[in-house]
Amino acid sequence: MGHNHHHGDPSEIGEKRLWWAVGANMLLTIAQIVGGLISGSLSLVADALHNFSDAASLLIALVAIRIGRKPPDKFKTFGYKRAETIAALINLVTLVIIGLYLCYEAIMRFITPEPIAGWTIVIVASIALIVDVFTALLTYSQSKTSMNIKAAFLHNVTDALASVGVIVAGTLIVLYGWVWTDAAMTLLIAGYVLNQGFTTLPKVIHLLMEGTPEHIDINEVIKALEEQKGVQNAHHVHIWQLDEQRNALEAHIVISGDADMDTVKVSIKAMLH
């Protein structure tokens with residue numbers, strides 16, 4: 001049996017908002033790459049790479065939402081809703097790979113420092129910050145109810161923070177000539193990216209592995225089942241999440257000889273809901 005939670009369907013997200021966010025991130029990526037190459041800033045190029053991943057993550061989220069709307073068929077009897085969870089997994093794995101790459105590049109910059117134009121960094125990163133905040137706001141409300149959108153939202157939030165860091169690094173280079181702050185800020189950005197990825201990944205994997213929802217104690221459910229009138233025994237109990245809004249239960253229920261099966265089923269379903 002399935003149980004719907006009334007938290008709002010993430011598939012009903014305003015797709016126009018996501019398309020705006022994709023377009024903004026693509027334009028920003030081009031601007032940051034040009035700015036990074038002109039200024040020689042690794043942190044700006046790193047931010048550009050992350051922005052490109054933002055656009056990709058939003059595109060994946062959009063595709064997953066559309067697939068998730070497909071009704072159940074003989075090939076996918078539970079429907080296609082988990083496409084959004086798979087999209088979240090892809091986006092989070094990408095986030096971790098980017099974080100590791102940025103760590104490597106930052107360490108190499110510490111070993112072989114390069115000249116950097118501070119003012120170019122500050123100007124381009126300031127524009128990036130405005131765009132990052134804009135795109136994060138577009139996905140914020142839906143990120144509360146969808147792992148898919150949350151993964152895309154996290155991409156945008158980390159980019160906004162990265163832009164702040166790049167502005168700080170550029171300012172320090174302008175004022176004091178501290179070129180090393182560019183690589184240091186890149187490491188901080190990478191650390192935050194990795195933290196977000198590794199924190200959210202286990203939740204996505206738990207859902208894909210059909211794990212028991214975190215807020216449900218299966219032993220309490222079995223006890224409650226066996227306390228129902230007419231129930232002798234409950235075994236072979238499985239509880240899992242079909243998606244982020246729907247939990248499912250499968251169980252073998254042994255009823256007493258004088259109990260009416262339909263009456264028992266109705267009372268069990270009411271109790272479980």
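Gln228 lies in the loop between helix H7 and strand E2 (231-241). In this predicted model, Gln228 is buried, with a relative accessible area of 18%. Apart from its neighbours within four places in sequence, Gln228 is in contact with Ser267, Ile268 and Met271.

**Helices H7 and H8**

- Helix H8 comprises residues 261-272, and H7 packs against H8 at an angle of about 145°.
- The axes of H7 and H8 are 10 Å apart, and the crossing of H7 with H8 is right-handed.
- Which kinds of residue, nonpolar, polar or charged, form the contact of H7 with H8? The residues divide into six nonpolar, no polar and no charged.

**The chain as a whole**

- The protein chain contains eight helices and three strands.
- Along the sequence, these elements follow the pattern β-α-α-α-α-α-α-α-β-β-α.
- The radius of gyration of the protein chain is 24 Å, whereas a compact globule of 273 residues would have one near 19 Å.
- Taken along the principal axes, the C-alpha atoms fill a box of roughly 85 × 35 × 30 Å.
- Of the 273 residues in the protein chain, 48% are buried.
- Among contacts between residues at least 6 apart in sequence, 74% join residues at least 24 apart.

**Salt bridges**

- Side chains of opposite charge can pair when their charged atoms come close.
- How many salt bridges does the structure hold? There are two salt bridges in the structure.
- One of them joins Glu210 and Arg82, with the closest N and O atoms 3.8 Å apart.
- This pair links distant parts of the chain, for Glu210 and Arg82 are 128 residues apart.
- Glu210 stands in the loop between helix H6 (180-208) and helix H7 (218-226), while Arg82 stands in the loop between helix H2 (42-68) and helix H3 (83-111).
- The relative accessible area of Arg82 is 19%, so Arg82 counts as buried, because buried means under 20%.
- Glu210 has a relative accessible area of 44% and is therefore partly exposed, a class that lies between under 20% and over 50%.
- In the other salt bridge, the side chains of Asp182 and Arg109 meet at 3.7 Å, N to O.
- Asp182 belongs to helix H6 and Arg109 to helix H3, so this pair ties together parts that are 73 residues apart in sequence.
- Are Asp182 and Arg109 buried or exposed? Both Asp182 and Arg109 are buried.

- His236, another residue that is not glycine, has a positive phi near 50°.
- His236 is found in strand E2, whereas Glu210 lies in a loop.
- With a relative accessibility of 39%, His236 counts as partly exposed.

**Gly40 and its surroundings**

- Gly40 has its place in the loop between helix H1 (15-39) and H2.
- Although Gly40 and Ala117 are 77 residues apart in sequence, their C-alpha atoms are 6.7 Å apart in space.
- Leaving aside neighbours within four places in sequence, Gly40 is in contact with Arg109, Pro115 and Ile116.
- Arg109, one of these contacts of Gly40, also forms the salt bridge with Asp182.

**Asn25 in helix H1**

- Asn25 is located in helix H1.
- Where does Asn25 stand in terms of accessibility, buried or exposed? Asn25 is buried, with a relative accessible area of 0%.
- The C-alpha atoms of Asn25 and Ser53 are separated by 8.9 Å, and the two residues are 28 residues apart along the chain.
- Beyond its neighbours within four places in sequence, Asn25 is in contact with Asn51, Asp54, Ala55, Leu58, Asp132, Thr135 and Asn156.

Terms used. Residues numbered from 1 in each chain as written. Predicted model: local features only at pLDDT ≥ 70, side-chain atom pairs only at ≥ 80, totals over all residues. Heavy atoms only, no water. Salt bridge = Lys/Arg side-chain N within 4 Å of Asp/Glu carboxyl O. Helix = DSSP H or I, 4+ residues; strand = E, 2+ residues; numbered from the N terminus. Buried < 20%, exposed > 50% of the residue type's maximum accessible area, 1.4 Å probe, protein only. Contact = heavy atoms within 4.5 Å. Axes fitted to C-alpha atoms, helices over the stretch in contact; angles between N-to-C directions. Left-handed = near helix turned anticlockwise from the far one by under 90°. Nonpolar A, V, L, I, M, F, W, Y, C, P; charged D, E, K, R; others polar. Rg over C-alpha atoms; globule rule 2.2 N^0.38 Å.
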